[in-house]
Amino acid sequence: MNSCSSISAKLLRPLRWGLWLGIFLAVCVPLVALGAANPVSRGFQISTLDALSAGVFEGAMSFRELRQYGNFGLGTFAGLDGEMIGLDNRFYQVKHDGAVFPVSDQSQTPFAVVTQFKPTQKILLPGTFTYTELQTALDQKLPSLNYPYALKIHGQFPQLELRSVPGQVPPYPTLGAVVKQQTVFNFQQVSATLVGFRLPQNMQGINAAGYHFHGLTQDKKGGGHLLAGIFRNPIVQVQLIQDWHTSFPDTAAFAQSPAPIP
Ligand SMILES: [Zn+2]
């Protein structure tokens, strides 16, 4: 009995090693392949905030092309015709009157920021926060303030103050002049998703340093650029971004845009 079992153990040993090798290959090879196919996350922007601030509202890229760089983000439309939200692989336009429309591939953007959103961290913030308090709390939780981050907050908000801006015709005014004509939408107890970025100080000018969110209500009937809000126990999905690609528009409007006033 003993000798018989020792013979079968000897016979089984190579089989067992084969089994372990099979398990190793089945588990580890796909993980390595996944790592290779999923390198550092990238942010992409068309044009610069300085150019937009100076009134360069001419379309610089179609949404068909923008989509190749990301399915998540924010921006605006040719002529500064409202606020753009990129969420779940779709782009939305919030017009000055608050109406929300799906964006066609042919539509053009003068300025947009996108990424392929793959959150790597979840920050839970127990308590109630204003937008300013939320920014302070997030700054304390993020691993470093020297990287860009893509951020998503989905939930029920006691209050959200969002805005949109009216479309312009050439000769374009400055962004600041248009923002004075903004319409503010006040939402109470609203289910919504905020799509945004926190960018480091070293990106000021190219983009806006700090937090920038655009919101879309769950029913997709309202949205805009976030001005203020009340956040209760927010859960913030975070993606650290290591690569940033800025595409400078190949347009006369951008080429001739005035330098920003320091
Ligand atoms: Zn905005």
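On a 1 Å grid over the protein atoms alone, a cavity is a set of points where a 1.4 Å probe fits but cannot get out, and a pocket is an open set with protein on both sides within 12 Å along at least five of seven lines; lining residues have an atom within 4 Å of a point. Grid points are joined across faces, edges and corners, and a volume is the space filled by probe spheres set on the points.

The model is predicted: local features need pLDDT of at least 70, side-chain atom pairs count only at pLDDT 80 or more, and totals for chains, interfaces and linings use all residues. Residues are numbered from 1 along each chain as its sequence is written, and side-chain values use heavy atoms, with hydrogens and water left out.

**Exercise 1. Find how many cavities of 30 Å³ or more there are, and describe the lining of the largest cavity.**

Solution. 
- Step 1: the count is 1 cavity of 30 Å³ or more.
- Step 2: the largest cavity holds about 50 Å³ of space.
- Step 3: its lining consists of L74, V113, F197, L199, N207, A208, G210 and H212. Two or more of these residues come from each of β12 (183–199) and β13 (210–217). Helices (H or I, at least four residues) and strands (E, at least two) are DSSP runs, numbered from the N terminus.
- Step 4: by class, the lining has 5 nonpolar, 3 polar and no charged residues. Ala, Val, Leu, Ile, Met, Phe, Trp, Tyr, Cys and Pro count as nonpolar, Asp, Glu, Lys and Arg as charged, and the others, Gly among them, as polar.

**Exercise 2. Describe the second largest pocket: its volume, and the residues closest to its centre.**

Solution. 
- Step 1: the volume is about 220 Å³.
- Step 2: 16 residues line this pocket, and L52, E83, R163, L175 and H212 are the closest to its centre. H212 also belongs to the lining of the largest cavity.
- Step 3: at least two lining residues are supplied by each of α2 (49–53), β3, α5 (175–179) and β13. The largest share, 3 residues, is that of β3.
- Step 4: the lining divides into 8 nonpolar, 6 polar and 2 charged residues.

**Exercise 3. Give the strand order of the open sheet of 7 strands, and name its edge strands.**

Solution. 
- Step 1: the order is β6-β5-β4-β3-β8-β1-β16, with mixed pairing. Two strands pair if DSSP finds at least two bridges between them.
- Step 2: β6 (100–102) and β16 (243–247) are the edge strands, each pairing on one side only.
- Step 3: neighbouring strands are turned by 20 degrees against each other on average, direction ignored. Axes are lines fitted to C-alpha atoms, for helices over the stretch in contact, and angles run from 0 to 180 degrees between N-to-C directions.

**Exercise 4. Decide whether strand β4 (residues 83–87) is enclosed or open, and trace its pairings.**

Solution. 
- Step 1: 5 of the 5 residues of β4 are buried, so the strand is largely enclosed by the rest of the structure. Buried means under 20% relative accessible area, exposed over 50%, partly exposed in between (1.4 Å probe, protein chains only).
- Step 2: E83, I85 and L87 point one way, M84 and G86 the other way, and all are buried.
- Step 3: β3 (residues 72–76) pairs with β4 in the antiparallel sense over 4 bridges, with G73 bridged to G86. The hairpin of these strands has 6 residues between them, and G79 in it takes a positive phi near 80 degrees.
- Step 4: β4 and β5 run antiparallel and are joined by 5 bridges, with L87 bridged to R90.
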